[in-house]
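Please load the model in your viewer and keep the selection panel at hand.

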Amino acid sequence: MHPAPSVILFTVLSGLGFGFLALLGWGVVIPQGVQAFLVWGIGYGLAVGGLSASAFHLGNPQRALLAFSQWRSSWLSREAWASVITLILLAPVALSDWLGLGWPRGIGMAGAVMCGVTVLATSMIYAQIKAVPRWHHWVTPLLFLSFACSGGAILAGEARLAVLLSVGLAVVLWLGFFFGDRQFAARGASMESATGLGAIGRVAVFELPHTGGNYLLREMIFVVGRKHAMKLRMIAILAAAFGPTAVFVLLPMHVVTVLLAVALHLLGAFAARWLFFAEAEHVVGLYYGKR
Amino acid sequence: MTMLPGATEKRLGLVVDLDTCVGCQACVTACKGWNDQGYGVALSDQNPYGAEPSGVFLYRVHSYAVQPVDGLAQTINFPRSCLHCEDAPCVTVCPTGASYKRVEDGIVLVNESACIGCGLCAWACPYGAREMDQDAGVMKKCTLCVDRIYNENLPEEDREPACVRTCPTNARHFGDFADPDSKVSKLVAARGGYDLMPEMGTRPTNKYLPPRVKDRRAEASLLAPLLDIEAKGFAGWLDRVLGKI
Amino acid sequence: TKLFVMFGVAEDHDSNPIKIGLGKLKARGARVIGVNPIRTGYNAVADDWLGITPGTDGLLILSLIHCLLEAGRVDLTYLARFTNAPLLVVEDGPEKGMIAKNAESQPFVIDRRTGAPAPWDGKGVEPDLGAVYGGNRTVFQHMAERYLAAEYAPEAVAGRTGIAAQRIRELAAELARVAFDEAIELAQPWVDFRGNQHETMPGRPVSFHAMRGISAHSNGFQTARALHLLQIVLGTVEVPGGYRMKPPYPKPMEAHPTPHFVTAPGKPLSGPHLGYVRGPENLALKEDGSPARIDKAFTWENPFSAHGMMHMVIPNAHAGDPYKIDTLFLYMANMSWNSSMNSGAVMAMLTDKGADGEYVIPRIIYSDAYASEMVAYADLILPDTTYLERHDCISLLDRPISEPDAAGDSIRWPVVEADRDVRGFQSVLLDLGARLGLAPMVKEDGSPKFRDYADYIQNHIRRPGVGPLIGFRGPKGDLEGRGEANPEQIAAYIENGGFYQAHVPAEAAFYKPWNAAYQDWAVATSFYETPQPYLFSIWSEPMRRFQAAAEGVGFVQPPDHLRARLRQAMDPLPVWYAPFGDEVEGYPLHALTQRPMDMYHSWGSQNAWLRQIRGKNFLYLPTKVWQAGGFAEGDYARVTSPNGVIVVPAAHMAALNENTVWTWNAIGKRKAAWALDEAAPEAVEGFLLNHLISELLPPKGDGHRYSNSDPVTGQAAWFDLRVKVENAGRRLASEPAFPAVSRVVPQGDKR
Ligand SMILES: Nc1nc2c(c(=O)[nH]1)N[C@H]1C(S)=C(S)[C@@H](COP(=O)(O)OP(=O)(O)OC[C@H]3O[C@@H](n4cnc5c(=O)[nH]c(N)nc54)[C@H](O)[C@@H]3O)O[C@H]1N2
Ligand SMILES: Nc1nc2c(c(=O)[nH]1)N[C@H]1C(S)=C(S)[C@@H](COP(=O)(O)OP(=O)(O)OC[C@H]3O[C@@H](n4cnc5c(=O)[nH]c(N)nc54)[C@H](O)[C@@H]3O)O[C@H]1N2
Ligand code: SF4
Ligand code: SF4
Ligand code: SF4
Ligand code: SF4
Ligand code: SF4
Ligand SMILES: [Mo]
């Protein structure tokens, strides 16, 4: 799949944002006053910023409201609802923290749960696609949730939690690569099944249907070199998970420490998300003899 | 609505005969020609005369090399368009309801005025049957020529999809799969029509007819010489041949 | 038909009818066999594929005939009645090899009932194929003796053709089985030209079709004759289930004009410039024996060049051989590119200057409708309209829309108005003719006779009552074939959908050359003035006349260096010889082109959609060559022929004769031509094979260079090309790359 920058940005930032908001909502961190304004602002900023980045990806963003209509069948629609509900639920908590109103935290906990639901919905947009076998696996939601949680904790500077979740993230990333690499074969799709010509013999492309480019080739068929991918996998695991862990273990707690950890985590997250798309092979590539 | 209708009254679709398609691409341009000025926005092209031309087509014809275990390699031309699946994943993923499957005939369509161009349906389709229009930012796909098949302004014989009407070899057939007596149902039964990528669970309506067995050895026994020409000479052969008149 | 065999067909002129036909055969499960080095398109859907070595079809076909004769599975009745098989061949003397004639100069047969000579067209006569009379034997015996020879046994031809002996025997058996054991019969009475009444029309449901895969080799004419002979021995020509001719054919050679070439200032040519040569006396030679025509058609080098030799005009004009010219006037032919052999050299010829600083070809006038590669070389461009903006006439004279059951012709008429300063070329020609005062184009007072081409289509009279179109003739528009001009004819054609069909009556639909009803209908419909029944010439007298001349017989004698070649090529019986391209050594592969179904020669690339489908071509390499060269996807191939080198994108193809490489024709474009971007893939990676094909064969021992053509017909031997191929690794552009042409129209923008 084409690793579109807008989508990578959207999923990484909004995931981070919702993870962070969840911690705030749950009350793991309870900021106060101006600090609260800033911290909640960061959370909202990431979540909303990420969402709007995804609009760059749309052909007709002016009709985006229609995306709320199909919640009964569409994960994208559910994600839209979930994110809006989450942001609304958390608003009073943020207000309370900022203005020191001391409202009860119950609604914040509900919001925190909704953060998880939102990230889950985002991940299901990918995980539901059977045509991309690498995504179509339970490890995909786990990966998204894991990123959100660990990212949130890192950003919150909750060192112990962050280290714990980061190690978890490393495991999930590894699991993702492990299962992902086996999914295409497990799905059973091949040029033979795509064409139905396997009964005659081995199928290969003689001529492509067009020598010019098209949407399918641009959007769904992206071939990434194996060596390149292996390098990026290392970077993803090291930077996203072990980097922040090391930073929190080795350096004293300080804003700079947190920023460093966040930066490393984001670097790894972008690499991981780039790979999430770039390594995902759509079965339509079979028709083009390209995987 | 992007919920799929449980069952549709008719199941309209195409049969593609891989034994007959010569790969002439006539259907590809006929499809683009009709749909360029029919249902929805025109099918745009980018840099049509430039160094990297590109554009939307609803339909493509591939060509494959198939190598039997022992036997001569074959070339098989392979038309590919929307299969109007019964379990169409492209429909259920759509957040806006733009993508839908019609209850009355099972045609899968995009309501372009509701499409936000998110591209998710194209991801969901295993068959590459959807292409986004770069100019209009909406998803385009085969409409089964819904604006031809019911169009009373067209002469009767033109009320079938443009690709079917155009195909000079008759490698494409249009009809109702819900009717066991329709031409398409009979063809599928007689020739072993099959689904593409059944493992995707899409239950395509369109069916493909496999190429007939090729390069069979002739069953007839070889011709026997009339007589031993070397021994009997040409004259002997001539007598023998003409004696037969 | 139940069995359909194609030789060397990729697309053909009547490409839609062929596809429709194939579709019908497929629908009813008839069997289709493709004989072609390349398995694509029609050959891809064929049930059976014979991946023959290029240029060897003649051998394969004669071997099939060998098998059929050996087993006695030939249609003797057909041979005796409808072909010259029972005629006698003069065994010796000055007339040696000619058909024996009686005192009235008529050929005759030996009647089996009497054992005595009888007229070839006599009623009730039963010609004896085995007759010997006056020491002369029948054509049948000559034919059988030749093809029964061991050199035509499947085992003897298997190596050269690349088709296993067993496979050839199987095919022969299959042909015989369908032709004879599955024969069909129509309950349709008919009368033959001898006056014999037949109650039915028996048929043999085996049919054949062949195209340039056969004709574009230097042995193409004889191979085509061999294929005709195969159909004849199977008795399948013009019978139900077999190959049928489309009116205005059949037509015997005698019904065609001979070529005319005598010119005198202020006088028209002595007759039609193209025609059918009967013997050396018809050659277009000047008194000194030099060619009369710039293309050297109808000379000893290519005596039967009935279509002229367009591919030789520019090289001959440039060489001043047979003479220099003043003006080269071209129409609708992209001669500086895909239409020429050796395109790079042709470009040089078109711009070459002599010692005096003048162009060797001083003036070039060209009419094209588009910004082709050739336009850049013209001193004067006559911009034509497109087909949609003018009248055209597709008459019975050239590739009409006839079907076996109907003569048909058609017109085009303007459906959009030209929005540029262009004029229909046919109208321009009439205008030019009138300005020059050419008799048929001016009235008595010297004013133009025809307003424009539409006027000409309707009002030109070729022979009394005969004009360009056969339909809606006469003042009332109700006459077919013959009738005065009709001022409403074009309107009537448009009303009818642009065409007219004259339907062949049911009793005339088969056995046309010998069918009295057909002959009468053909006369009524204006194909000729009197019935022209004829026998198929298994033994060709016109060819024998040239062969005899080469043997020293007669007054008109060929130059000595051509004698051996004429003796071989002008064999009166179908013969196979190796294509001339095979004579060079060190080039192990055959290189071919095929027409893509989705492009028409060069100009399809102007279409925004088609060029997305096929904007670039590859050289397809068979597995053996692909592996030997260590090729990988994305590699280029360096292809070398005796004439030059090209470096081009390569791709693998398994369903290909193992000694053949090929590409799609005319996809490569010159930079900035066709209103495309200079960086268009067609111009950067796309390529032509033409640079490798020489218009002249390598010099012979005596230094003479023959044109790269069939020695009989002068048909360009595009497919004789031999090459070698090496891996050139990764590249970004094809070679040779020529500089951009100057644009005559701006680059295309939006579609
Ligand atoms: N779409 C399209 N249609 C066209 C044209 C076009 O440009 N585009 N051009 C028109 C014109 S001008 C012409 S002349 C016709 C030509 O019509 P075709 O003759 O059908 O066309 P070619 O592509 O030249 O195909 C020649 C075929 O012969 C095969 N061949 C080559 N050598 C041999 C051989 O030795 N033996 C055998 N058995 N096969 C051999 C090649 O593999 C190829 O398949 O097409 C006409 N129709
Ligand atoms: N390598 C290789 N070369 C080949 C062949 C091959 O098989 N292999 N085949 C050969 C054969 S059989 C043929 S017929 C030739 C064909 O070669 P060409 O006859 O040159 O074929 P085209 O490219 O169709 O077009 C000729 C020109 O006609 C112009 N044209 C199109 N429409 C009109 C019009 O309405 N009016 C005017 N005035 N001009 C118009 C086009 O712009 C183009 O410049 O190619 C030959 N060249
Ligand atoms: S082929 Fe693709 S676009 Fe068509 S219905 Fe099936 S999944 Fe949807
Ligand atoms: S691109 Fe349009 S039709 Fe497809 S899922 Fe998005 S909104 Fe629905
Ligand atoms: S049915 Fe219509 S829209 Fe669909 S592929 Fe055929 S021509 Fe195109
Ligand atoms: S028009 Fe028919 S024969 Fe031609 S490519 Fe399409 S399906 Fe195949
Ligand atoms: S190009 Fe014209 S003449 Fe040739 S097949 Fe197509 S419609 Fe017929
Ligand atoms: Mo041609």
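**Stop one: the shell of ligand 6**

The shell around ligand 6 is made up of nine nonpolar, three polar and one charged residue. Bear in mind at this and every later stop that the model is predicted. Select ligand 6 together with the 13 residues around it, and then highlight those that come nearest, namely B:Cys21, B:Cys24, B:Gln25, B:Cys27 and B:Cys167.

**Stop two: where chain B meets chain A**

Now select the contact between these two chains, to which chain B gives 58 residues and chain A gives 59 residues. The area buried between chain B and chain A comes to about 4,600 Å², and carbon and sulfur atoms give 60% of that area. On the side of chain B, colour B:Tyr64, B:Ile116 and B:Trp123, which lose the most area to chain A and together account for 18% of what that side buries.

To see which parts of chain B are involved, select β3 (54-55), β4 (60-67), β5 (74-80), α3 (120-124) and β8 (130-132) of chain B, the elements that give two or more residues to the side touching chain A. The largest share of that side comes from β4(B), with eight residues. Coloured by class, the side of chain B that touches chain A shows 34 nonpolar, 18 polar and six charged residues.

**Stop three: where chain C meets chain A**

Move on to the contact that takes twelve residues from chain C and six residues from chain A. Chain C and chain A bury about 630 Å² between them, with 50% of it on carbon and sulfur atoms. In chain C, select C:Gln612, C:Ile613 and C:Tyr620, the residues that lose the most area to chain A and that together make up 52% of what that side buries.

Which residue of chain A does C:Arg614 form a salt bridge with? The partner is A:Glu207, and the closest N and O atoms are 3.1 Å apart; the rule finds one salt bridge across the interface of chain C and chain A. The count of residue pairs in polar contact between these chains is seven, again with both residues at pLDDT 80 or more.

The elements of chain C that give two or more residues to the side touching chain A are α18 (610-613) and β24 (660-664), and α18(C) gives the most, with three residues. By class, the side of chain C that touches chain A divides into five nonpolar, four polar and three charged residues.

**Stop four: a sheet in chain C**

Finally, select the open sheet of three strands in chain C, whose order is β4-β8-β7 and whose pairing is antiparallel. Here β4 (88-89) and β7 (132-133) of chain C stand at the edges, each with a single partner strand, so one side of each has no neighbour in the sheet. Zoom in on β4(C) and strand β8 (residues 136-138) of chain C, which pair in the antiparallel sense over two bridges, and end the tour at C:Val89, which stands opposite C:Arg137 in β8(C).

Technical notes. Residues numbered from 1 in each chain as written. Chains lettered and ligands numbered in written order. Predicted model: local features only at pLDDT ≥ 70, side-chain atom pairs only at ≥ 80, totals over all residues. Heavy atoms only, no water. Contact = heavy atoms within 4.5 Å. Buried area = accessible area lost by both parts, 1.4 Å probe. Helix = DSSP H or I, 4+ residues; strand = E, 2+ residues; numbered from the N terminus. Nonpolar A, V, L, I, M, F, W, Y, C, P; charged D, E, K, R; others polar. Near = heavy atom within 4 Å. Pairing = 2+ DSSP bridges. Salt bridge = Lys/Arg side-chain N within 4 Å of Asp/Glu carboxyl O. Polar contact = N/O pair within 3.5 Å; in protein donor to acceptor, adjacent residues only side chain to side chain.
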